[in-house]
Amino acid sequence: MAGYHMIPPEPRPLITDNSAFKDLACPPIWRTSHWLGINARHRPYAATARPPTMVLAIVLAKSTQTSSVSRMRHSGLSGLKWLPLALASLFLCSGCAFLPRPSKLSGNRAFIKYWPPDPNGKGLRLAVKDNIDMKGVVTTAGSEIFSITHKPAEKDAACLAIARQRKVQIVGKTNLSEFAVSPSGMNEYFGTAVNPLKRNLIPGGSSSGNAVALASGMADVAIGTDTAGSVRVPAACCGVVGLKTTFGLIPIEGCYPVEKHLDTVGPMGKDIAHTVQGMELLQNGFGPRYAAAKAAKPTAGSIRVGRLKLKGTDPKIDQAIDDALAKTGFQVVELGESLSDKFEQAEKDGNTVASSGAWISDERFQFALGVTSRTQSVIRFGQVTYTTGYRSALARRGAWQRTLSKVFETVDLIALPTLQKTPPGIPLLNLRMGILEAEMLQLQNTVAVNFAGNPALAVPVPLHRAKAPVTSLQLIGPRLAEADLLNAGRLVESAVQR
């Protein structure tokens with residue numbers, strides 16, 4: 001594609017001493033792959049003597065990890081006996097996680113690694129979430145421990161193949177919540193990306209840097225991952241567009257995992273047109289599919305939208321969604337309480353699977369110094385959900401998928417808010433213990449879609465007399481309906497901007 005060029009990533013210097021740690025609140029700590037569980041591709045650069053607190057943390061970690069994921073599958077509720085030890089070790093060995101950390105990022109903290117674009121260039125500016133491998137660049141996954149111990153990636157993640165072929169200008173690797181497990185988007189190590197809509201509101205996660213980079217004009221398109229809403233939630237918080245793709249459509253090789261049943265890669269854009277361009281960078285031949293969707297349904301009057309209402313939603317947000325649908329001119333069909341109840345059950349099941357995935361993927365970091373207490377609390381909560389509800393939740397997945405398929409026999413799309421309320425404010429007293437994450441799980445209407453594997457689009461719509469000027473309309477489609485969703489989003493965007 002003409003006009004594209006690539007700025008090569010800056011090489012990351014090899015770390016061989018502790019000088020990089022002189023500005024940290026906690027003492028320098030190095031780990032080896034023997035106890036940390038880092039794979040061969042991500043071995044640490046060096047090792048030094050371990051301080052006493054670290055030795056204790058290692059002992060505690062090893063004692064709990066004797067109940068591995070494979071053993072946990074057969075341990076039932078017995079796995080809960082480790083919770084008191086887990087909480088005690090958190091305070092004993094990770095107390096420095098509660099101390100203020102110096103921010104490593106300047107400006108709005110959208111980027112962990114930034115390569116300023118050519119000011120005279122006219123090509124697309126692409127941002128990539130930093131849990132997606134880029135050759136020659138360290139993949140931090142938003143974590144201090146990875147930024148210290150990981151070598152630069154040996155190759156690109158599979159989802160970057162088309163962008164590389166077209167020589168798209170990648171302007172940076174974006175900030176995110178640690179290990180992509182936090183829906184708030186907060187990051188204590190790199191600093192939390194600043195919401196351009198209102199500085200005291202959370203940016204949403206986990207793809208917080210993507211949303212902030214787009215909303216602040218530092219990028220046109222971003223590629224992120226969505227396990228339980230990680231593309232749509234920050235899009236909703238920051239007033240941009242996010243598309244969660246059909247499960248399995250875009251390869252996830254080279255992306256740091258959260259949950260194998262839910263993980264997807266998807267585009268984000270400052271508007272629908274740029275999100276379409278992002279989708280063209282992820283799927284060969286998407287441009288003609290989108291053109292066909294526009295030709296088939298050029299106006300909203302031919303699109304049947306099922307309106308789903310959920311208990312607990314702010315009436316102002318429900319009204320904003322209804323106003324946007326009416327102004328666009330869709331054929332709106334009210335969906336009944338039966339589907340609402342099933343959606344809410346799917347949300348619970350999806351949250352169970354997602355949190356369990358954090359435990360399965362990151363169990364080895366539950367006591368690691370250099371991993372924040374916020375993330376550790378999420379991982380340990382995942383241990384509880386894994387032992388108490390993981391299998392039963394997955395057993396209900398097929399029924400939920402069949403329910404949605406039946407709904408799409410009568411409507412083209414389903415509409416509901418992406419978030420039930422406006423984004424929460426950043427707490428003045430940040431305890432970093434997962435309280436905000438629990439609140440966000442109650443506000444987001446996203447994980448039920450991941451649980452089914454369907455695609456969904458988050459598009460901003462006006463919100464009046466509220467602490468944020470916009471809210472987000474979520475449109476859910478049948479499998480492989482990305483082009484139809486973006487066409488509907490185009491019509492909404494055009495209508496609400498008039």
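**Aromatic pairs**

Ten is the number to start from: the count comes to 10 aromatic pairs, where rings of Phe, Tyr and Trp (its six-membered ring) pair if their centres lie within 6.5 Å, and planes under 30 degrees apart count as stacked, over 60 as edge-to-face and the rest as tilted. This is a predicted model, in which local features need pLDDT of at least 70 and side-chain atom pairs count only at pLDDT 80 or more, while totals for chains, interfaces and linings use all residues. Residues are numbered from 1 along each chain as its sequence is written, and side-chain values use heavy atoms, with hydrogens and water left out.

Select Phe-146 and Phe-179, a tilted pair at 5.1 Å centre to centre with 50° between the planes. Phe-146 lies in helix H5 (residues 144–149) and Phe-179 in the loop between strand S3 (169–174) and helix H7 (208–215), so the pair ties together parts that are 33 residues apart in sequence; helices (H or I, at least four residues) and strands (E, at least two) are DSSP runs, numbered from the N terminus. Phe-179 is buried, with a relative accessible area of 0%, buried meaning under 20% relative accessible area, exposed over 50% and partly exposed in between (1.4 Å probe, protein chains only).

**Cysteines**

The structure holds 0 disulfides, a disulfide being a pair of cysteine sulfur atoms within 2.5 Å. Select Cys-255 next: its sulfur is 4.3 Å from the closest cysteine sulfur, in Cys-159, which is too far for a bond. Cys-255 is buried, with a relative accessible area of 14%.

**Nonpolar cores**

Stay on Cys-159, which, not counting residues up to four places away in sequence, touches Ile-132, Ile-223, Ile-250, Pro-251, Cys-255, Val-265, Leu-281 and Leu-282, contact meaning heavy atoms within 4.5 Å. Then widen the selection to the largest nonpolar core, of 53 residues, in which Leu-126, Cys-159, Leu-473 and Leu-486 touch the most other members; such a core is a set of buried Ala, Val, Leu, Ile, Met, Phe, Trp, Tyr and Cys residues joined through side-chain atoms within 4.5 Å. Helix H17 (residues 482–496) gives the largest share of this core, 7 residues. Apart from it lies another core, of 40 residues, including Ile-379, Tyr-390, Val-407 and Ala-448.
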